[in-house]
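Keep the picture open as you read.

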Amino acid sequence: MTKKIAALLAALTLGSSMTAPVLAQQTAKTQASQSAEARADALVKAMTLEEKLQLVHGYFPPLAKPVPPIAMIPSAGHIPGIPRLGIPTLRESDASLGVANQIEQRKGDVATALPASIATAATFNPRLAFEGGAMIGAEARAKTFNVLLAGGVNLTRDPWNGRNFEYLGEDPLLAGVMVGEHIKGVQSNHIVSTIKHFALNSQETGRTVLDARIGTAQLRESDLLAFQLGIEAGQPASVMCAYNKVNGDYACENDWLLNKVLKQDWAYKGWVMSDWGAVHSTEKAAINGLDQDSGQELDDRMFFDTKFAEAVKAGRIPMSRLDDMVRRILFGVIDSGLMDNPVPESAQPIDYARHAEVAQRTAEEGIVLLKNEGNLLPLAKSAKKIVLIGAHADVGVLSGGGSSQVRSVGGAPVEIPLTKGAAASFARITWHASSPLKAIQALAPGASVTYVDGSDPKAAAAAAKGADVAVVFAWAWRTEAQDPESMALPENQDALIDAVAGANKKTLVVVEAGGPVLMPWVSRVPAILQAWYPGQRGGEAIANILFGDVDPSGRLPITFPVAVKQAPRPEPLGLAELRAAETRRDAGDKTVYGMSGGVAPFTVEYPEGADVGYRWYAARNQKPLFPFGYGLTYTSFRYANLKVSDGVRLTVEFDVTNSGKRVGADVPQLYVEAKSAAGTKAYRLAGFEKVRLQPGETRHVALTVDPRVIARFDNTAPGWIVDAGAYPLRVGHFAGDAALEGSARLDRMTAKP
Ligand code: BGC
């Protein structure tokens, strides 16, 4: 240790005996060159007990009554800073898809709204995940937020999960890579990002009471692998633990999850913050790994406030553990760069026009062309009559609901409040002001482009008759806190599509939904675009794809089933418990409130283990409607010249050629057959790359495989094991495709957990 650092440490341990501004200045200047760990250590030594206690619990601004009064921005959370040590106040905002502003709690405060995260996953383009994160981070900083509740990476285990739109699909490699890039983007602004919800918050029904049960090795090979890859790549300053229980213990007081997996095995140095209202104890939570209680007013009781202080003073929570909690928070604040780059005191101007381009590019690359019979698309700009039907396509595009809701630039042309359900208090069905009608008209100025609302199938069919093309905009709203009652399109839309398709052979369907919907009309329409929730430039993005100004290049990050019975669980478990609570509430039972909503605890088994999504379908020989990784383009791609380098490390090389007549982007995918801890064999996505090629152009692609993606997790070893032997592999356009086939001979490999 240099003399200077030793002197500083000595000074810091004197704590409050130095005058405040002097100490803060020295802290900032001299410590910038030290490691984040050393700086966090020194600060902990300099802090009084009261100061330490202040950092381990956060206020929920809408409900908080902190003493003494402090100025909180209406948002998700607030943790007062410690000015004498230069520790900033933490201002938390939700930010999965943009800086959120649910039910417009900050009147008039708009932000750029990206498409749903599932659309970002569908781009298969990590660069765009980074750019989206960087854009959100820049806006957050300009709005004085410095901790972003972003980085949702729960794997899609059930196609109906209400929150799938906020996540990155069903594959751990894709989701892990994309979330890592998103977090890097956010933190490139020297603010904190989280990764969430750790772990297995895989359904919304009863999320605060359910016990998610799964084999621990299988969890490592699936959901936890996505977190592990994301944390390694993105280095988020914080991890948000989930509402639910995992194998018997609440995630926010789960020793195995927090202490063993995250902090010991993965050597994670940042802090664990709870989800809002996810804390159920004081000593147990603190000892088992929770470092900070978020939005404490939402817990049934405030566990990390006075009760926590008492437990520390009585020795039930050791001082060393409190120090560790504070050290972790400070490490994250320092390591992300926030400590040395405080956010501005007041809101700064934002270049919304430039940021909108990121939203548009993400939407354009994320939209998936599912069907294009007879090359109906791209549409000719010489079309004379185009009829648009439904989903408020005259004024906007739909977004998903809940804490991720952005009040987008341009406002909300349609906003429908909810009258019932767990999301009613904080979600409205919201459209972003990006009109497909206007965008289509702008690209086909010579055409008559008209809109009918679709409420009357007969009227819509009559309007569609004789048009060059009829475009039905189908919609299915999804939200945090609720799972949908059905995966079918709501409000008679199946009948609408049938009627329009019957009246005009050139009927195409643009689906605005947070995930798959049932498509009983799939064979009756020649073209289908999955537009997800396409964000605040969604209208423009859809129009550009329809007319071919942009080539569709999105690929499905989740499998689309033919029918719900193909999914591992055809409907959310716990519906009976939910209905029972609702009946009691309707009968006037006042105990039916709060985070649990009076729902009795229940168990959700995940017997599919690591065989999530496409692996589940393959294992059961089920043919889905559209497979994982699927998506058409306006050109075509061929693969050739497979070369496998194996032994200790697996690298697979091949050539991709644009064999069609138009420029376009492809996503060649490598699948390797591997054995799980449970002994099941499945082809797993082991690599992918997005390549943009001119007609006739060939690109050489080399994919090196992270061994953990094809390993089995051994709880006894413990760690990752790739058994020696032959591994069949395929390069294809989607899961199950085998454009090129080969095999690798791998040596035995092991890796730490
Ligand atoms: C959600 C989190 C969110 C938090 C704060 C919770 O209900 O599950 O994703 O970050 O609220 O708004």
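Start with strand E4, residues 192-198, which is mostly covered: 7 of its 7 residues are buried. Buried here means under 20% relative accessible area, while exposed means over 50% and partly exposed lies in between (1.4 Å probe, protein chains only). Helices (H or I, at least four residues) and strands (E, at least two) are DSSP runs, numbered from the N terminus. Before going on, keep in mind that this is a predicted model, where local features need pLDDT of at least 70 and side-chain atom pairs count only at pLDDT 80 or more, while totals for chains, interfaces and linings use all residues. Residues are numbered from 1 along each chain as its sequence is written, and side-chain values use heavy atoms, with hydrogens and water left out.

Which strands pair with E4? One is strand E3 (residues 147-149), which pairs with E4 in the parallel sense over 2 bridges, and Val 147 stands opposite Val 192 in E4. To get from E3 to E4, the chain passes through helix H7 (residues 172-187), and this β-α-β crossover is right-handed. That word means that, with the strands pointing away from you, the path from the first strand over the helix to the second runs clockwise. Strand E6 (residues 238-241) also pairs with E4 in the parallel sense, over 3 bridges; there, Ile 195 has Val 239 as its bridge partner. Two strands count as paired if DSSP finds at least two bridges between them.

Now look for an open sheet of 4 strands, in the order E8-E7-E5-E19, with mixed pairing. Strands E8 (249-250) and E19 (603-605) stand at the edges with a single partner strand each, so one side of each has no neighbour in the sheet. E19 pairs with strand E5 (residues 211-213) in the parallel sense over 3 bridges, and Arg 213 stands opposite Glu 605 in E19.
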